[in-house]
Amino acid sequence: MSFPIRSPRDMVGGVHVFARILDKIRLFAKEGKLPDGYHLGYMPGNRTFDERVCKFLGVDFNALTKRTLEGGTDEEIFEWCCQNGHRPSPEQIEIWNGFMSKRGWNDAASKGLQANKLEAGLGDRDDIVTFFDLMDVEEGRAK
């Protein structure tokens with residue numbers, strides 16, 4: 001069985017991370033939990049990818065959760081976000097995707113990435129330079 005949460009690289013509406021948050025919402029609703037070490041929503045004191053994607057689209061996390069659990073395709077839920085929050089322009093999406101896909105690489109999150117790599121037993125992996133890389137390795141999509 002493949003990992004039940006999509007890669008942060010997978011896109012809906014051309015946006016990285018959105019598919020992943022939908023998977024986590026649905027998995028938590030179905031199973032009542034996420035895999036060990038995973039979280040859903042906001043975490044006080046930490047900027048999570050879930051928080052960032054909700055702020056980027058201008059939607060409340062709880063409202064997104066409610067809408068997701070009402071059903072529909074990923075694209076329909078993305079369109080709901082655009083109608084009830086903010087519809088990003090193609091340029092905003094390009095900037096978002098660039099920022100998110102490089103998170104942890106020579107930026108303010110680099111120390112956190114290194115700590116997460118060590119915690120995962122991957123501290124010696126110089127090829128893991130972003131959080132996207134780390135997630136894909138930990139979740140079995142990359143070696």
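## The largest pocket

Helix α7 gives the largest share of the lining of the largest pocket, four residues. Keep in mind as you look around that this is a predicted model. The pocket has a volume of about 770 Å³. Its lining counts 23 residues, and those closest to the pocket centre are G37, H39, N116, F131 and M135. Two or more lining residues come from each of these elements: α1 (18-31), α2 (49-57), α6 (110-119) and α7 (131-138).

What classes of residue make up the lining of the largest pocket? There are 10 charged residues, eight nonpolar and five polar.

## Where α1 meets α4

Helix α1 also makes a contact with helix α4 (residues 74-84): their axes come within 11 Å and cross at roughly 105°. Angles of 65 to 115 degrees count as roughly perpendicular, so α1 is roughly perpendicular to α4.

By class, the contact of α1 with α4 has five nonpolar residues and two charged ones, with no polar residues.

Six aromatic pairs are found in the structure. One of them is formed by F18 and F78, with 5.4 Å centre to centre and 80° between the planes, an edge-to-face arrangement. This pair links distant parts of the chain, since F18 sits in helix α1 and F78 in helix α4, 60 residues apart.

Note on methods:
Residues numbered from 1 in each chain as written. Predicted model: local features only at pLDDT ≥ 70, side-chain atom pairs only at ≥ 80, totals over all residues. Heavy atoms only, no water. 1 Å grid on protein atoms, 1.4 Å probe; cavity = no way out; pocket = protein on both sides within 12 Å on 5 of 7 lines; lining within 4 Å. Points joined across faces, edges and corners; volume = space filled by probe spheres on them. Nonpolar A, V, L, I, M, F, W, Y, C, P; charged D, E, K, R; others polar. Axes fitted to C-alpha atoms, helices over the stretch in contact; angles between N-to-C directions. Parallel < 35°, antiparallel > 145°, perpendicular 65-115°, else oblique. Phe/Tyr/Trp six-rings, centres within 6.5 Å; stacked < 30°, edge-to-face > 60°.
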